Amino acid sequence: MPWPIESYINGVHNLGEPQAWLFPIFPWSAFAFIGLAIGFLLTSDWAAELGARMFVFAGTAGITLMLLGHWLEASPYRLYATDDFWHTSPSFFLIRVGLLLVIFAVGYMWCRWGAGQWGFRPLIQLGKTSLLVYWVHIELVYGRFSILPKRAVDIRTASVGLLIIFLAMLLLSTLRTRFKSELTFRSLLQKPASAS
C-alpha cells in the first residue's frame with residue numbers, strides 16, 4: 001500500500017519502513033470503540049437484569065482475553081508482517097482490553113462491597129479532575145518533564161515510578177478540588193479590596 005494509507009494500519013510513515021512508535025488507527029481507535037460498546041452494554045436491559053453478575057462476566061472475559069493475547073504472542077503465526085508489541089500488536093490489544101475489563105470488575109467490587117464505601121475514595125477523587133490529571137500525567141510520563149528515563153528502566157523502577165505518579169496525581173486532584181471554590185479565574189482578575 002502507499003505509505004499514507006499503510007501508516008494508518010501498521011505505523012509505516014514516509015520513511016518507507018515501519019515506524020513502531022507511531023500510533024496507527026489499530027489498535028488505538030479500537031480502544032475507544034471497545035469503551036463505547038461496554039458503555040452501551042452497561043446501559044442495556046440485559047445488564048440491569050444481571051446486576052453484579054455482569055461485572056463477574058466482565059472480569060472473566062478480561063482474564064480470557066489476557067490469556068488469549070499471551071497465547072497469540074507466543075505462537076509463531078503473525079497477523080501483521082511487522083508489528084511492535086506495545087503499539088500495533090493484536091496480542092497487546094487483547095491483553096490490554098482484558099486487563100481493563102479485570103480492573104473494571106475489581107473497581108465495581110471495590111465500590112460496591114469494599115473499601116470504596118470508606119471515607120476517602122481515590123478513584124472517585126481522580127475522576128473529579130480527570131482532564132487535569134490526564135494532562136499533567138502525560139507531561140510527567142511522556143513529555144519534557146518525564147520523571148524516569150525513557151526505555152531504560154527495569155520493572156522495579158517502573159513500578160516505583162507508577163506509584164509516584166499515582167500519588168502525585170491524587171495529591172494534585174485533591175488540591176484542585178479543595179481550592180477550586182477559593183481560587184477561581186474570576187477571583188484572580190478581581191482587584192483586592194483596600195483595607196479601611
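The second largest pocket of this predicted model has a volume of about 190 Å³. A pocket is an open set of points on a 1 Å grid over the protein atoms alone, where a 1.4 Å probe fits, with protein on both sides within 12 Å along at least five of seven lines; lining residues have an atom within 4 Å of a point. A volume is the space filled by probe spheres set on the points, which are joined across faces, edges and corners.

Of the 13 residues that line the second largest pocket, Ile 38, Leu 41, Ala 58, Ala 61 and Leu 101 are the closest to its centre. Two or more lining residues come from each of α2, α4 (53-74) and α5, and α4 gives the most, with 5 residues. Helices are DSSP runs (H or I, at least four residues) numbered from the N terminus.

The largest pocket has a volume of about 2800 Å³. Among its 46 lining residues, the closest to the centre are Arg 96, His 137, Val 141, Tyr 142 and Leu 162. At least two lining residues come from each of α2 (25-42), α5 (90-113), α6 (122-128), α7 (130-141) and α8 (155-179); the largest share, 9 residues, belongs to α5.

The table gives the make-up of each lining. Ala, Val, Leu, Ile, Met, Phe, Trp, Tyr, Cys and Pro count as nonpolar, Asp, Glu, Lys and Arg as charged, and the others, Gly among them, as polar.

| Pocket | Lining residues by class |
|---|---|
| Largest pocket | 34 nonpolar, 7 polar, 5 charged |
| Second largest pocket | 13 nonpolar, no polar, no charged |

The largest nonpolar core consists of 8 residues: Ala 30, Phe 31, Ala 58, Phe 92, Phe 93, Leu 94, Val 97 and Leu 101. Such a core is a set of buried Ala, Val, Leu, Ile, Met, Phe, Trp, Tyr and Cys residues joined through side-chain atoms within 4.5 Å, where buried means under 20% relative accessible area (1.4 Å probe, protein chains only). Both α2 and α5 give two or more residues to this core, with α5 giving the most, 5 residues. A second, separate core of 6 residues includes Leu 126, Val 133, Ile 165 and Met 169.

In α2, the buried residues are Pro 27, Ala 30 and Phe 31, and these pack against α5.

Residues are numbered from 1 along each chain as its sequence is written. In this predicted model, local features need pLDDT of at least 70, side-chain atom pairs count only at pLDDT 80 or more, and totals for chains, interfaces and linings use all residues, while side-chain values use heavy atoms, leaving out hydrogens and water.

Note on methods: Buried < 20%, exposed > 50% of the residue type's maximum accessible area, 1.4 Å probe, protein only. Contact = heavy atoms within 4.5 Å.
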